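Visitor: Could you take me through one part of this model closely? I would like to start with a sheet and its strands, then step back to the whole.

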Amino acid sequence: VASDGRHLFASNAGSATESGYTVSASGQLTLVGQTATDPATIDASATPSGRFLYVQAGPGIIDEYAVAPAESLTEIGSVTVPNGSGAEGIVAL
């Protein structure tokens with residue numbers, strides 16, 4: 001689960017999706033939607049601004065998403081990290 005302070009993003013390795021949630025002041029979670037990712041997600045990290053989300057997948061792929069004002073995710077690209085297959089952990093600044 002990755003958080004930007006306003007949203008939670010849960011990586012679903014089995015279904016190759018990323019679920020987005022908003023969090024109310026009382027802690028109530030509301031599902032915003034699901035977006036496809038590359039298979040076998042390992043980790044995710046949101047930028048502190050909440051504008052971008054990066055999802056690390058098993059085959060060494062980093063999927064990049066923009067977080068829209070309506071809290072939906074829009075894929076903006078992906079990169080394959082050389083020798084990144086099997087690596088664990090990602091951080092966004």
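Guide: Start with the open sheet built from four strands, in the order β1-β2-β3-β4. The pairing is antiparallel. A word on terms: strands are DSSP runs of E with at least two residues, numbered from the N terminus. Two strands pair if DSSP finds at least two bridges between them. At the edges stand β1 (2–3) and β4 (29–36). Each has a single partner strand, so one side of each is left without a neighbour in the sheet.

This is a predicted model, where local features need pLDDT of at least 70, side-chain atom pairs count only at pLDDT 80 or more, and totals for chains, interfaces and linings use all residues. Residues are numbered from 1 along each chain as its sequence is written, and side-chain values use heavy atoms, with hydrogens and water left out.

Now walk along the sheet. Two bridges join β1 to β2, and these strands run antiparallel. Find A2: it stands opposite F9 in β2. Three residues lie between the strands in the hairpin of β1 and β2. There, G5 takes a positive phi near 100 degrees.

Next comes the pair of β2 (residues 7–12) and β3 (residues 17–23). Six bridges join them, again in the antiparallel sense. A10 has S19 of β3 as its bridge partner. N12 stands opposite T17 in β3. The hairpin of β2 and β3 has four residues between the strands. In this hairpin, A16 takes a positive phi near 55 degrees.

Is G14 buried or exposed? Its relative accessibility is 84%, so G14 counts as exposed. The cut-offs are these: buried means under 20% relative accessible area, exposed over 50%, and partly exposed in between, with a 1.4 Å probe and protein chains only. G14 also leads us onward. T41 is 27 residues away from G14 in sequence, yet their C-alpha atoms are 8.2 Å apart in space.

T41 takes us to the other sheet. Four strands form this open sheet, in the order β5-β6-β7-β8, with antiparallel pairing. Its edges are β5 (41–46) and β8 (73–80). Each of these has a single partner strand, so one side of each is left without a neighbour in the sheet. Neighbouring strands of this sheet are turned by 20 degrees against each other on average, direction ignored. Such angles run from 0 to 180 degrees between N-to-C directions, with axes as lines fitted to C-alpha atoms. Five bridges pair β5 with β6 (residues 52–57) in the antiparallel sense. Within that pair, S45 has Y54 of β6 as its bridge partner.

Now step back. The protein has eight strands and zero helices (DSSP runs of H or I, at least four residues). Its C-alpha atoms fill a box of roughly 45 × 25 × 20 Å, taken along the principal axes. Of the 93 residues, 35% count as buried. What share of the contacts with a separation of 6 or more joins residues 24 or more positions apart? The share is 33%, where contact means heavy atoms within 4.5 Å. The protein exposes about 5,100 Å², and carbon and sulfur atoms supply 54% of it. That area comes from the Shrake-Rupley method with a 1.4 Å probe.
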